[in-house]
Amino acid sequence: MGKTHMGLTLSLACLACEKEPRPVEPDSGAPSFDAGALPTVECPLMAEATFVVRSFELLPPDEGLDQTGDGKPDNSLGFLHVAANQGWERDIRDGVAIYLWDLTSWTGTSDDDEIGLAFFHGVDADEPANALNNASGQGEFLIAREQLDVNCNPTTRFPEAEVKNGFLLARTPEFPSVYPDFGTVLLHRAHVIAAIKEDGSEIAGRMSAVWTACNLARIKFPGAADDDRSMLDFVVAFGVQPDIDMDSDGLETLVLGGSDGVRACLDGNGKPMDGRSCSCDPRVQDGYSLTFHASLVRARIIGFTQKDEQD
Ligand SMILES: [Ca+2]
Ligand SMILES: [Ca+2]
Ligand SMILES: [Ca+2]
């Protein structure tokens, strides 16, 4: 990254120089600039009605939203709820995990099919950070500029969102989701159904998504010390197989090689694939459903995090 920036800066500098490097003269006709500066996009802060997550829980496996259209809950990773929720509860309480939902073009609880819903990972704006007021309804937060693309749109947003009968409804095919312990996880087929309190001060509801087997295979199992077992190995060892058929060829099956974790896969049509990396073969697209419950209160995004000039 640093090298690319430096190369770009040097080549830009040489557009204005002749054979030997010279200082750029402001009146030479060439635009003057600071040769040490990096190109940036200056986006205005466009947060409107912001809410901060005050609780976030994976639901138990028998509760969840329907992903498959059969009217039954889908939440195959729900068996992890006890272990996962302890971590989230701690991280939210300590201000490590600050999840912000921002509604744009939102006029309240009346029906509106043209609202925007964006997600940010926030940083406490208090100096020093004070997690105690985060969920007070008056919490103030900063976001990193990197969470906006070059068109100044949030990188994580639901392209379809509406308010209907007091509920916030939203869906997106892909949802890059930040988890403090894992980094960014790309979830698929995310949808939100959440009730908005009549005075607009709180939101509470469910978010469902699909976590692909390949993505789980890339994450090291948090409890694994020296071996290379992944989250996928752990999930399959519990007898839990993918339950969402993402490529419409039937459900794929992951086969354990003893205690070594996944060592073979069966495609939806039953065709076998060998090897540890089979869960990331392009023919293996299926994933695991999961449904969260989230409750949120009003908050404000008041600015961007300041980048260290020396970075
Ligand atoms: Ca705070
Ligand atoms: Ca499939
Ligand atoms: Ca397949």
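Which residues does Leu169 touch, not counting residues up to four places away in sequence? Hold that thought while we get our bearings in what is a predicted model, where local features need pLDDT of at least 70, side-chain atom pairs count only at pLDDT 80 or more, and totals for chains, interfaces and linings use all residues. Residues are numbered from 1 along each chain as its sequence is written, while chains are lettered from A and ligands numbered from 1 in the order in which they are written.

Start with confidence. pLDDT is the predictor's own confidence in each residue, on a scale from 0 to 100. The protein chain averages 86, with 85% of its residues at 70 or more. Helices (H or I, at least four residues) and strands (E, at least two) are DSSP runs, numbered from the N terminus. Where pLDDT is low, the predicted coordinates should not be read in detail.

Now the overall build. The protein chain holds 4 helices and 13 strands. Of its 311 residues, 30% count as buried: that takes 20 or more other C-beta atoms within 10 Å of a residue's own, whereas 12 or fewer make it exposed and anything in between partly exposed, with C-beta atoms placed from the backbone. Looking at contacts between residues at least 6 apart in sequence, 58% join residues at least 24 apart.

His81, Trp88 and Ile92 of H2 are buried. They cover an arc of only 45° around the axis, so they sit on the same side of H2; that arc is taken over the directions from the helix axis to the C-beta atoms. Strand E1 (49-58) is included in what covers them. After H2 comes Gly95, with a positive phi near 75°.

Next, the hairpin of E6 and E7. Strand E6 (residues 160-164) and strand E7 (residues 167-179) run antiparallel, joined by 5 bridges; strands pair if DSSP finds at least two bridges between them. The hairpin has 2 residues between the strands, and Asn165 takes a positive phi near 50°. E6 has a covered face, Ala161 and Val163, and an uncovered one, Glu160, Glu162 and Lys164. The bridge partner of Val163 in E7 is Leu168.

That brings us back to Leu169, which is also found in E7. Its neighbours by touch are Glu162, Lys164, Val192 and Ile193. Leu169 counts as partly exposed because 19 other C-beta atoms lie within 10 Å. Ile115 is 54 residues away from Leu169 in sequence, yet their C-alphas are 9.9 Å apart.

Finally, there is an open sheet of 3 strands in the order E10-E11-E12, paired antiparallel. Strands E10 (253-256) and E12 (272-274) are its edges, each pairing on one side only. E11 (residues 262-266) pairs with E12 over 3 bridges, and Ala264 has Asp274 as its bridge partner in E12.

How values were computed
Contact = placed C-beta atoms within 7 Å.
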